[in-house]
Amino acid sequence: MAHYPRATLPFGAFLTTDRAGTLDRVARGVQAKVLSLETGIRLLLEADFPVEDVTAEAERLRSQVGSAAE
């Protein structure tokens, strides 16, 4: 009986993603208040958006929203 090597297919962040779809889902989720801003930013980070610091990005977005309301 022949022995064949076992193959595994790892899935992870290195696979391509639908960035436009991710951005749309995050925007709608945050707007509907079913996702926190930080969670949304983490999802964008996983989709390879150029975010260096989730907390700093959330603070920048909140300050921009506050400035626009004034």
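Residues are numbered from 1 along each chain as its sequence is written, and side-chain values use heavy atoms, with hydrogens and water left out. In this predicted model, local features need pLDDT of at least 70 and side-chain atom pairs count only at pLDDT 80 or more, while totals for chains, interfaces and linings use all residues.

**Exercise 1. State how many helices and strands the protein has, and in what order the elements run.**

Step 1. Helices (H or I, at least four residues) and strands (E, at least two) are DSSP runs, numbered from the N terminus.
Step 2. The protein has three helices and zero strands.
Step 3. Read from the N terminus, the order is α-α-α.
Step 4. Of the 70 residues, 19% are buried, where buried means under 20% relative accessible area, exposed over 50%, and partly exposed in between (1.4 Å probe, protein chains only).

**Exercise 2. Describe how α1 and α2 pack.**

Step 1. Two packed helices are described by the angle between their axes and the distance between the axes.
Step 2. Axes are lines fitted to C-alpha atoms, for helices over the stretch in contact, and angles run from 0 to 180 degrees between N-to-C directions.
Step 3. For α1 (residues 19-31) and α2, the angle is about 175° and the axes are 9 Å apart.
Step 4. Angles under 35 degrees count as roughly parallel, over 145 as roughly antiparallel, 65 to 115 as roughly perpendicular and the rest as oblique. The two helices α1 and α2 are therefore roughly antiparallel.
Step 5. On the α1 side, Thr 22, Leu 23, Val 26 and Val 30 meet Leu 37, Gly 40, Leu 43 and Leu 44 of α2; contact means heavy atoms within 4.5 Å.
Step 6. By class, this contact has six nonpolar, two polar and no charged residues. Here Ala, Val, Leu, Ile, Met, Phe, Trp, Tyr, Cys and Pro count as nonpolar, Asp, Glu, Lys and Arg as charged, and the others, Gly among them, as polar.

**Exercise 3. Find which residues of α2 are buried, and where they lie around the helix.**

Step 1. Leu 37, Gly 40, Ile 41 and Leu 44 are buried in α2.
Step 2. Viewed down the axis of α2, the buried residues fall within an arc of 100°, so they line one face of the helix. The arc is that of the directions from the helix axis to the C-beta atoms.

**Exercise 4. Compare the loop residues Lys 33 and Asp 48: where do they lie, and are they buried or exposed?**

Step 1. Lys 33 belongs to the loop between α1 and α2, and Asp 48 to the loop between α2 and α3.
Step 2. Lys 33 is exposed at 71% relative accessible area; Asp 48 is exposed at 60%.
Step 3. Most residues other than glycine have a negative phi. Lys 33, not a glycine, has a positive phi of about 65°, and Asp 48 has a positive phi near 75°.
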